[in-house]
Amino acid sequence: MATPTGITLKELSKKEGLLTSGHRMCAGCGAPIIVKMVLLAAEGPIIAANATGCLEVSTCISDYTAWKIPWIHNAFENAAATLSGVETMYRSLKKQGKISKDIKFIAFGGDGGTYDIGLQSLSGAMERGHDMLYVCYDNGAYMNTGIQRSSATPFGADTTTCPAGSVIPGKTQNRKNLTKIMAAHNIPYAAQASPSHWMDLVKKVKKALSITGPKFMNILSPCNRGWRSRTDDAIMLSRLGVETCYWPLYEIEDGATKVTFKPKEKKPLVDFLKPQGRFKHLFAPENEWMLKKFQEIVDKEWESLLKSDSGRCDSKPSGKAPGAE
Amino acid sequence: MARVVAVTGNEAVAEALRQVNPDVSSAYPITPATDIMQRFTGFVSNGKVKTEMILVESEHSAMSGCIGASAAGGRVMTATSSQGLALMWEELFIASGTRLPIVMALVNRALSAPLNIHGDHSDGMGARDCGWIQLWSENAQDAYDNTIQAFRIAEHMDLRLPAMVCLDGFIISHSIERIEYIEDDKVKNFVGEFKNLNPLLDLEHPVSYGPLILPDYYMEYRKAHAEVMSKVAGVVLDVAKDFEKISGRKYGLFETYRLDDAEIGLVILNSAAGTSKDVIDAFREKGIKAGLLKPRLYRPFPYEEVGNALKHLKAVCVLDRADAFGASYGPLFMDIASSLYTCKEKPVLINKIYGLGGRDYLPEHAGLVLDELAGIAKTGKVKTFKEYIGVRE
């Protein structure tokens, strides 16, 4: 399928994968799909940094590495600060004439390493204006250590540290809106994407990498272990996340918000929740209020997003997602 | 010609860093180290150095940035104190475990609580076993000389280990002393061009830094680290020999002062050694054979050499400017005791804790300790093996 931007799946599939198979991520995990898409979208040399987390522990277990590009892992909370160091050394050596090539820098972190423990490091790197793209693969909990609650965990979800019990029915707080927090740094580019809408994702990565300065992308990353869903449902679930407006696709470029996909008919949130065991208890009669409240939260955030939309939405009137086929 | 100047310890360290001219520095301000980076960023802003600064939002990020920059491939330095070092703690181990030759000035300051910004050694002692090289400095000249030598030591191809240069907060960092600066070109030639080892920026040879290593290999990596630590002392001595050629100043693993024929002695780190030497001179004039040992390379600690230097004494007091709560003695005492353990003959050892949180260490304190040692040497009787001095009862 050719597109106005000239990106085709056929062409992308011909490119060399920079994260090789043989890594030890779980079957059906969203994260390696996302990393693969991000790296396929990038042109030219890339250096990556990784926060401690599922992606990191599963892709570089000595003496093996799945990374065909230079890659650095330091600790949990400091992928952005670490990559700041790498990028600054690059600038220093380039200025001294010791490096001639143009290199792009990409950091990958899960929601724990990005929304929570790594927020300060990320905020600092964005404020300082390092030329890097930070990609958060948001699976909504500390999945690597066994599904503990994070500030990205959605309202009502059952996790191992906010278990749905007889007194407390799962997580009682709403998620943090990290994409907006990052946009509030007045960085040139912040966006949300989903692996279900691959074309939208690839376009956003390409746009981000074409801009000099700090960029942030938040990408929904289904985790069948933590979401208590079927192994092969990652793409279906991430699509439902978008179509129910639980995970709106948008970008904020130089302060202007653009919703990049508006569903023709917004699906009810329960369509996204029902296939996931972490929300099972919400369907008990006594927790009906939670479903109602969760839908209200999603509606309110979606309405607020639409109000801020500059109206330059790319999606066709049919509301069909670019690349959703 | 070497320049003779009157400067503070911080100013001297900043001057050494200007002369070394690193590629990147990632730093965060903290009293009393702030002044080093303030002065250094002045050099950056005025084009006196090629260094790219990363002015981070915390010390954790300062060391994280240093790690990223060092792994990328180039010369990297930073400076900190006290709480800043404590916040870096996790990263100190990652810097050394990744074998990155980062140089850091540590302006020694007390740890909170209670909050205190003045000089003691609690910060450096807390980081003594994190796999870094530690060089301690008595005065501004030592701090300047150690900073220059630290780059050569850390970047040595047999080592590739991070190094911290310790100097006493305020007492040295903010006091003006007469020191000699070496000429710029001599320092430049002395440190030489930075040699890369598996740089992340080498696109032709992509490397992965920071792997997960499970029980099947983790222990081999730690053993390799321990083995490389055993090579540090030799490199420190070689570098000191070269340094003497450009400076005329001699450095060893530690300094001995009137120790060869001494019967009683003090072991003491950093600025308080200067005060103690004056008092030792006074005791010598009274006919009492007193001497002193001041460690310089504190990590890795040269146990054998220190043991040999002290074994002939009758009584020795180790003065600690930090306590090790829950251990019976201060940290320096435990190292001195370990270094004498295998010696057949050894002195009676006592331990005094002094100068915490910037409390003055006065000549009277050294005098009282030497009197006590003279008594122990004569009678063999020890009143108490460890106590705090210069403190209210």
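Modeller: With a relative accessible area of 2%, A:E87 is buried (under 20% is buried, over 50% exposed and anything between partly exposed, for a 1.4 Å probe and protein chains only). This is a predicted model, in which local features need pLDDT of at least 70 and side-chain atom pairs pLDDT 80 or more, while totals for chains, interfaces and linings use all residues. Residues are numbered from 1 along each chain as its sequence is written, chains are lettered from A and ligands numbered from 1 in the order written, and side-chain values use heavy atoms, without hydrogens and water.

Biologist: Is B:D323 buried or exposed?

Modeller: B:D323 forms a salt bridge with B:K386, at 3.0 Å from N to O. B:K386 lies in strand 16 (residues 386-388) of chain B and B:D323 in the loop between strand 14 and helix 12, so the pair ties together parts 63 residues apart in sequence. B:K386 is partly exposed, with a relative accessible area of 23%. At 17% relative accessibility, B:D323 counts as buried.

Biologist: How much area do chain A and chain B bury between them?

Modeller: Buried area is the accessible area (1.4 Å probe) that two parts lose on being put together, summed over both. The contact (heavy atoms within 4.5 Å) takes 43 residues from chain A and 42 residues from chain B. On the side of chain A, A:N74, A:M89 and A:R128 lose the most area, together 17% of what that side buries. Of the total, 61% lies on carbon and sulfur atoms, and chain A and chain B bury about 3100 Å².

Biologist: Which helix supplies the largest share of the side of chain A that touches chain B?

Modeller: Five salt bridges are counted between the chains, among them that of B:E57 with A:R128, whose closest N and O atoms are 3.0 Å apart. Helix 3 (54-59), strand 2 (71-73), helix 4 (79-95) and helix 6 (119-128) of chain A each supply at least two residues of the touching side. The largest share, 12 residues, comes from helix 4.

Biologist: Which residues does B:T41 touch, not counting those up to four places away in sequence?

Modeller: B:T41 has its place in helix 2 (residues 34-45) of chain B. Residues up to four places away in sequence are not counted, and B:T41 then touches B:M53 and B:L55.

Biologist: Which residue does a cis peptide bond join to B:S112?

Modeller: One cis peptide bond runs from B:T31 to B:P32, with omega near 0°; B:P32 is in the loop between strand 2 (24-27) and helix 2 of chain B. The loop between strand 5 (103-108) and helix 5 (122-126) of chain B holds the residue in question. With omega about 0°, the residue joined to B:S112 is B:A113.

Biologist: What is the phi of A:D254?

Modeller: A:D254 is found in the loop between strand 7 (250-253) and strand 8 (256-259) of chain A. At 64% relative accessibility, A:D254 counts as exposed. A:D254 is not a glycine, yet its phi is positive, at about 45°.

Key: A salt bridge is a side-chain nitrogen of Lys or Arg within 4 Å of a carboxyl oxygen of Asp or Glu. Helices (H or I, at least four residues) and strands (E, at least two) are DSSP runs, numbered from the N terminus.
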